[in-house]
Amino acid sequence: MTQFEDRLIAWNRLRNENSDNNLESALLAVNDWWQMLPFDMHYLHWDDDKNWPDPWDILADGVFCDLTKCLGIAYTLHLIGRKEINNIVLAQTTEGDSLVLVNNGKYILNWAPGEILNTATSKLQITRTMDASIAITKIH
């Protein structure tokens, strides 16, 4: 998907298709959708959260670093409006990976396509966290 319009249509379809299906299937679909976008190095920075783009700007810009994908996942999960999705946290590991923790870390997204981790089974070392509500305020 190289065109903004194509990404926007696909993102809308993703949100509609995952608003009421099985929770784990929805989380996996959201994770996989953002994982399939091309990867770019260092577009957003953790220390510049006040200037992070809204989801429509992310899709329009078409530059998807690890943190951008996390932010996109958080926006998507918020916009599908499922009451069983809560406590969305952006996290960074000691290795510099950016992840999305959902439901108190029960689900960890943005690790790899087709894979959702869990804090109970994962040995990831989290060094930084940020409540995603900071970013989500940009879409209201």
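Predicted model: local features only at pLDDT ≥ 70, side-chain atom pairs only at ≥ 80, totals over all residues.
Helices (H or I, at least four residues) and strands (E, at least two) are DSSP runs, numbered from the N terminus. Two strands pair if DSSP finds at least two bridges between them. Five strands form an open sheet in the order β4-β3-β2-β1-β5, with antiparallel pairing. The edges are β4 (115–117) and β5 (126–131), each of which pairs on one side only. Neighbouring strands are turned by 30° against each other on average, direction ignored. Axes here are lines fitted to C-alpha atoms, for helices over the stretch in contact, and angles run from 0 to 180 degrees between N-to-C directions.

Strands β1 and β2 pair in the antiparallel sense over four bridges. Their hairpin has four residues between the strands, and Gly96 takes a positive phi near 95° there. β2 and β3 also pair in the antiparallel sense, over three bridges. Val102 has Tyr107 in β3 as its bridge partner. This hairpin, too, has four residues between the strands; in it, Asn103 takes a positive phi near 55°. β3 (residues 107–112) and β4 are joined by two bridges, again antiparallel. Ile108 stands opposite Leu117 in β4.

Burial was assigned from relative accessible area (1.4 Å probe, protein chains only): buried is under 20%, exposed is over 50%, and partly exposed lies in between. In β2, five of its five residues are buried. Both faces of the strand are covered. Ser98, Val100 and Val102 lie on one side, and Leu99 and Leu101 on the other. In a regular strand the side chains alternate between the two faces of the sheet.

Helix α1 (residues 4–17) has 14 residues. From its first C-alpha to its last, α1 reaches 20 Å, close to the 20 Å expected at 1.5 Å a residue. The expected span is 1.5 Å times one less than the number of residues. Arg7, Ala10, Trp11, Leu14 and Arg15 of α1 are buried. They lie on the same side of α1 because they cover an arc of only 140° around the axis. The arc is that of the directions from the helix axis to the C-beta atoms. The face turned away from this buried side carries the exposed residues Ile9 and Glu17. Cover for the buried residues of α1 includes α2 (23–35), α3 (55–61) and α4 (66–80). Contact means heavy atoms within 4.5 Å.

α4 lies across β1 (89–93), β2 and β3, at about 20° to β2. α4 is mostly covered, with 13 of its 15 residues buried. Just after α4, Gly81 takes a positive phi of about 65°.

Glu24 is partly exposed, with a relative accessible area of 46%. Leaving aside neighbours within four places in sequence, Glu24 is in contact with Tyr107 and Ile116. Glu24 and Ile116 are 92 residues apart in sequence but 8.7 Å apart in space, C-alpha to C-alpha. Gln35 is also found in α2. Gln35 is buried, with a relative accessible area of 16%. Its contacts, not counting residues up to four places away in sequence, are Lys69, Asn110, Trp111, Ala112 and Pro113.

A nonpolar core is a set of buried Ala, Val, Leu, Ile, Met, Phe, Trp, Tyr and Cys residues joined through side-chain atoms within 4.5 Å. The largest such core has 36 residues, of which Trp34, Leu77 and Leu90 touch the most other members. Two or more residues come from each of α1, α2, α3, α4, β2, β3 and α5 (133–136). The largest share, eight residues, comes from α4. Leu77 touches Leu27, Val30, Ile85, Ile88, Val102 and Leu109, not counting residues up to four places away in sequence. A second, separate core of six residues includes Ala91, Leu99, Leu101 and Leu117.

Terms used. Residues numbered from 1 in each chain as written. Heavy atoms only, no water.
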